[in-house]
Amino acid sequence: MKQFLNEIKRMQFLAGVITENQYKQSLDEEESDPTAEKAAEQGLKQALATLKAEINSIKPSPQDKEIKEEVALTLGLIASAPGLINALGKGVNWVSKWFQKDKKTGTVVGNALKHWGHELEEAYIGVIGDMLKKAFPSTYESQDVSDETSALYDAAHGLYASLLIGAAIASGTGAMEAHNAIIAGLEGGLGSFKTAEIINLGKKIAAA
């Protein structure tokens, strides 16, 4: 029955009866799960508190001056700052614990993280921005993380996307499945980074 209803929605979309956003939203609603939603809310709020507590553990990166001299800026280089991957990994652990407790995996996890990831995006970006300023003071200290034209904005959004994907992966969701579900809900998108970069860093965070 569910497959039949989804096919009807697809035909409505193809016929122009509903928009692409309405079609995607209807599919997401089919895969929503109250338990998974609660797990995402609790886990992401605890992870946010953990990241705030970890800000002072971040040390300046040896590559800080190199980035200022216009070395290619990659998520891998950004995440190499001492303590950064470890801090993000601690945050991911809080999220995955909630999903593992309730044995939630797959699309319902991705959709729950997309929902609460969007709700908490502004708070996370602020904290991640502070962490990046600690890691790369010469590069980011004078930048505003809310400025969409800044490199700090891109870096913070790239790390946040990787953290959410890492949380989904650690909870048993496939990497590409996690990516497709989560990225659609983030206002800041991927910044200037490629999908492969985001997923690879998400895997590293999940393993930290």
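In this predicted model, Leu44, Ala47, Leu48, Leu51 and Lys52 of helix α3 make contact with Ala123, Tyr124, Val127 and Met131 of helix α8. Sorted by class, the residues in this contact comprise 8 nonpolar, no polar and 1 charged.

Two packed helices are described by the angle between their axes and the distance between the axes. Here the axes of α3, which spans residues 34-54, and α8, which spans residues 121-135, come within 10 Å and cross at roughly 25°. Because angles under 35 degrees count as roughly parallel, α3 is roughly parallel to α8, and the crossing in which α3 passes α8 is left-handed.

Since Tyr124 belongs to helix α8 and Tyr160 to helix α10 (residues 151-170), the pair ties together parts that are 36 residues apart in sequence. Tyr124 is buried, its relative accessible area being 0%, and Tyr160 is likewise buried, with a relative accessible area of 0%.

Phe136 and Tyr140 form an aromatic pair with edge-to-face geometry, in which the centres are 5.9 Å apart and the angle between the planes is 85°. Are these two residues buried or exposed? Both Phe136 and Tyr140 are buried.

Conventions: Residues are numbered from 1 along each chain as its sequence is written. This is a predicted model: local features need pLDDT of at least 70, side-chain atom pairs count only at pLDDT 80 or more; totals for chains, interfaces and linings use all residues. Side-chain values use heavy atoms; hydrogens and water are left out. Axes are lines fitted to C-alpha atoms, for helices over the stretch in contact, and angles run from 0 to 180 degrees between N-to-C directions. Helices (H or I, at least four residues) and strands (E, at least two) are DSSP runs, numbered from the N terminus. Angles under 35 degrees count as roughly parallel, over 145 as roughly antiparallel, 65 to 115 as roughly perpendicular and the rest as oblique. A crossing is left-handed if the near helix is turned anticlockwise from the far one by less than a right angle, and right-handed if clockwise. Contact means heavy atoms within 4.5 Å. Ala, Val, Leu, Ile, Met, Phe, Trp, Tyr, Cys and Pro count as nonpolar, Asp, Glu, Lys and Arg as charged, and the others, Gly among them, as polar. Buried means under 20% relative accessible area, exposed over 50%, partly exposed in between (1.4 Å probe, protein chains only). Rings of Phe, Tyr and Trp (its six-membered ring) pair if their centres lie within 6.5 Å; planes under 30 degrees apart count as stacked, over 60 as edge-to-face and the rest as tilted.
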